[in-house]
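Please look through the sequence and the structure shown here before reading the report that follows. It takes up helix packing and then the pairing of charged side chains.

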Amino acid sequence: MNVDSLSMWEATAGERKQRPTLQGDRHCDVVVIGAGYTGLSTAYHLQEKGHKTVVLEKYHVGFGASGRNGGELLTGFQGTMESWVAKKGMETAKAMWQMSLDSIDITEHIIKEHGIDCDFVRNGDIRPAFKLSHLDKFKREQEYMAKVFDFHELNVLDKDEMKSEVNTSFYHGARTNERGAHFHPLKFARGLADLAEERGAIIYEHSEALKIERKGKVVVTTEKGRVLADEVVIVTNAYAGNLNKTIKGSVVPVESIMIATEPLTEELMKEMIPNNRAASDSKNLLYYFRRTRDNRMAFGGSGRAFSKRDQLRLFDTLQDGMVEVFPQLKGAKVEFRWGGKVGFTQEMLPYIGHLEDGTHFAFGYCGRGAAMAVMAGKILAGTITHSDDVINPLRKEKLRPIPFHSQHAKAVGIMKFYKTFQDKYGS
């Protein structure tokens, strides 16, 4: 079973629109490399401001994490906002938090204003507590967010109360957040691509950017053509190739895998996740799961495989984990198994900015990119067009490649082993 095998999202997104491959020379204001959420949002927002945009995609729209993720739109970042206040200061942390809230609002606005059919549901999200000690951390977080951030939409549930949200004995309680949402990730990517094109953007698929040169203009060369532009945006995230060594060296790709069951009964889905919230638990190597519109259980986790046998074992282990959380699914058939790469940075925060040569970038959403990538695209477009209203608390002034980046695969393997140990034996 290949982790790049057909995803449930691909199988349920309808027919894929065929887009042309770049041939010959094209001229535009901005060339965007990567047709995931960030690139498509950048193109959409640039076209809204009257800037002619060309998007180059190595495979097809939504090929990477944008078309394979769990479709959960969550607030915040890796770690608590209290920890980010300690690291970044109160002013920056508050701007970061507001940015995360705004990212979901902006995504929802685009979906509703333009009628993108992507199964968008905004019922909030839930974070089940893997250990009893995690429940205490949730209570502290709830009090801190209410007192310091004036945010009162977190609610902490004990084990019995949690059953009305996630009907399982696997967890010790949970924290709910009324701001979360979920959607069909690939349908959204395709819808955003259509919007960008309707406004005048041109998207070329199977058109890998091979080389970037600056000869007055930015010249991006593909196998069969070139794009000549004033500005270039690289938003390849975890799928960064060798196009820009600084960007590639600053993002660590981490494998994530998902499974999806056959369609189940409405009654069973309502029994397991009554309020149809997006869920991601508090384990170090977390599980994330949710209902789909056609009543499948979509269930994800961490995955790193070195062989085909490893891949099969990881998917089997994930299915065992799903049944451990929801014994009700013991006999349910798993129809889809797939995986992909998630981009992480050394700071565990997204990076948005531009290099000394003017190359614009945004990447490293650390598993929370579904809405944040849309916001990043808006910020990049605002920066390029010199808009006055750009607020970017995630601005990365100086991008430095991670030391020993070439060894990241070994490091990720060691980190996952350590986090598994923490989940098993830590507090």
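## Helix 2 against helix 12

In this predicted model, helix 2 passes helix 12 in a crossing that is right-handed. Helix 2 covers residues 37-48 and helix 12 covers residues 369-384, and the two pack with their axes 7 Å apart, at an angle of about 40 degrees. Because of that angle, helix 2 is oblique to helix 12.

On the side of helix 2, the contact is made by Tyr-37, Thr-38, Ser-41, Thr-42, His-45 and Leu-46, and the residues they meet in helix 12 include Gly-369, Ala-370, Ala-373, Val-374 and Ile-384. Sorted by class, the residues of the contact between helix 2 and helix 12 are nine nonpolar, six polar and one charged.

## Helix 4 against helix 5

Helix 4 (residues 81-88) and helix 5 (residues 90-114) also form a packed pair, in which the axes are 7 Å apart and the angle is about 135 degrees. This angle makes helix 4 oblique to helix 5, and the crossing of helix 4 with helix 5 is right-handed.

Which residues of helix 4 meet helix 5? They are Met-81, Trp-84, Val-85 and Lys-88, and their partners in helix 5 are Met-90, Thr-92, Ala-93, Met-96 and Trp-97. The contact of helix 4 with helix 5 consists, by class, of seven nonpolar residues, one polar residue and one charged residue.

## Salt bridges across the chain

The model has 34 salt bridges, and a few of them are described here. One joins Arg-296 to Glu-335, with 2.8 Å between the closest N and O atoms. Arg-296 lies in the loop between strand 16 (288-291) and strand 17 (297-302), whereas Glu-335 belongs to strand 18 (residues 334-344), so this pair ties together parts that are 39 residues apart in sequence. Arg-296 has a relative accessible area of 7% and is therefore buried, while Glu-335, with a value of 35%, is partly exposed.

A salt bridge also links the side chains of Asp-230 and Lys-217, with an N to O distance of 2.7 Å. Since Asp-230 sits in the loop between strand 12 (225-229) and strand 13, and Lys-217 in strand 11 (residues 217-221), the pair ties together parts that are 13 residues apart in sequence. Asp-230 is partly exposed, at 43% relative accessible area, and Lys-217 is partly exposed as well, at 36%.

## A bridge between neighbours and a network

Is Glu-198 buried or exposed? Its relative accessible area is 59%, so Glu-198 counts as exposed, whereas Arg-199, at 25% relative accessibility, counts as partly exposed. Arg-199 and Glu-198 form a salt bridge in which the closest N and O atoms are 3.7 Å apart. Elsewhere in the list of charged residues, Lys-17, Arg-19, Asp-194, Glu-197 and Glu-205 are linked in a network of salt bridges.

## Ala-238 in its loop

Ala-238 is found in the loop between strand 13 (231-234) and helix 9 (245-248). Its relative accessibility is 8%, and because residues under 20% count as buried, Ala-238 is placed in that class.

Apart from neighbours within four places in sequence, Ala-238 is in contact with Val-251, Pro-253, Lys-341, Val-342 and Gly-343. Gly-173, by contrast, is 65 residues from Ala-238 along the chain, and the C-alpha atoms of these two residues are separated by 33 Å.

Conventions
Residues are numbered from 1 along each chain as its sequence is written. This is a predicted model: local features need pLDDT of at least 70, side-chain atom pairs count only at pLDDT 80 or more; totals for chains, interfaces and linings use all residues. Side-chain values use heavy atoms; hydrogens and water are left out. Axes are lines fitted to C-alpha atoms, for helices over the stretch in contact, and angles run from 0 to 180 degrees between N-to-C directions. Helices (H or I, at least four residues) and strands (E, at least two) are DSSP runs, numbered from the N terminus. Angles under 35 degrees count as roughly parallel, over 145 as roughly antiparallel, 65 to 115 as roughly perpendicular and the rest as oblique. A crossing is left-handed if the near helix is turned anticlockwise from the far one by less than a right angle, and right-handed if clockwise. Contact means heavy atoms within 4.5 Å. Ala, Val, Leu, Ile, Met, Phe, Trp, Tyr, Cys and Pro count as nonpolar, Asp, Glu, Lys and Arg as charged, and the others, Gly among them, as polar. Buried means under 20% relative accessible area, exposed over 50%, partly exposed in between (1.4 Å probe, protein chains only). A salt bridge is a side-chain nitrogen of Lys or Arg within 4 Å of a carboxyl oxygen of Asp or Glu.
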